[in-house]
Amino acid sequence: MKSRWSSMVFVLLGAFSVGCPADEKPVAPVQAPAAPPPVRRAQLKGLQGDVKVKRAAGDEWISAQDGMPLFENDKVRTVAGAGAQIVFANGSIVNLGDDALIGIAETRPRPGQERTDLTVLRGRVDAEMEDPARQSLSVTTPAATVRAGREIVFQ
């Protein structure tokens, strides 16, 4: 009986040792395409006092640096007595007052017009457009949305 079991084990082991023919190569696992890098929308300038940034993909508020790039869905926060200037790629400038919280909104391009989109969650912002004829500014708040395509002053 012992020899019969030995034969069976040998046959089973022989069946498991059969692999791919030598000319076949194992297939590499398919990887999902990498996400595109974030698009730089603006840059922080003229920091005064305590200014913080929260990255779209992050959970922590970090200290802002002069010249720091801002991307879609990043947030910028100033405390009492602080301020900052956000210079957008199209030349629009937004000045943040103290105790403000804004988000860099996702921009949906329009043909022939360069847009700047931001969300003001708290505080005051003053905005300037370099060329109002070809630029558009959209400011969304929890209660309203304001769009400007020419020079407009809000009081």
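Predicted model: local features only at pLDDT ≥ 70, side-chain atom pairs only at ≥ 80, totals over all residues.

**Entry 1: a strand and its neighbours**

I started with strand β2 (residues 51-54), which pairs with β5 in the antiparallel sense over 4 bridges. Strands (E, at least two residues) and helices (H or I, at least four) are DSSP runs, numbered from the N terminus.

I then looked for the bridge partner of K54 in β5, and K75 turned up. On to strand β8 (residues 101-104): 3 bridges join β8 to β5, and these two run antiparallel.

Residues are numbered from 1 along each chain as its sequence is written, and side-chain values use heavy atoms, with hydrogens and water left out.

**Entry 2: the two faces of β5**

Which residues of β5 are on its covered face, and which on the uncovered one? In β5 (residues 75-78), V76 and T78 make the covered face, while K75 and R77 make the uncovered one.

**Entry 3: the whole chain**

I stepped back and got 1 helix and 12 strands for the chain. Reading from the N terminus, the elements go α-β-β-β-β-β-β-β-β-β-β-β-β.

Of the 155 residues in the chain, 26% are buried. Buried means under 20% relative accessible area, exposed means over 50%, and partly exposed is in between (1.4 Å probe, protein chains only). I also noted an accessible surface of about 10700 Å² for the chain, with 56% of it belonging to carbon and sulfur atoms. That area comes from the Shrake-Rupley method with a 1.4 Å probe.

For contacts (heavy atoms within 4.5 Å), I took those with a separation of 6 or more: residues 24 or more positions apart account for 43% of them.

**Entry 4: A57**

Is A57 buried or exposed? I put A57 down as exposed, because its relative accessibility is 83%. A57 sits in the loop between β2 and β3 (61-63). I also checked A57 against N73, which is 16 residues away along the chain, and their C-alpha atoms are separated by 8.6 Å.

**Entry 5: salt bridges**

How many salt bridges does the structure hold? I got 5. Each is a side-chain nitrogen of Lys or Arg within 4 Å of a carboxyl oxygen of Asp or Glu. Side chains of opposite charge can pair when their charged atoms come close.

One of them joins the side chains of R55 and D74, at 2.6 Å from N to O. R55 lies in the loop between β2 and β3 and D74 in the loop between β4 (69-71) and β5, so this pair ties together parts that are 19 residues apart in sequence. D74 is buried at 2% relative accessible area, whereas R55 is partly exposed at 24%.

D99 and R122 form another, with their closest N and O atoms 3.5 Å apart. D99 is in the loop between β7 (93-96) and β8 and R122 is in strand β9 (residues 114-122), so the parts tied together are 23 residues apart in sequence. I have D99 as partly exposed at 39% and R122 as partly exposed at 35%.

Last, the side chains of R124 and D126 meet in a salt bridge at 3.2 Å, N to O. R124 is exposed at 57% relative accessible area, and D126 is partly exposed at 35%.

Key:
Pairing = 2+ DSSP bridges.
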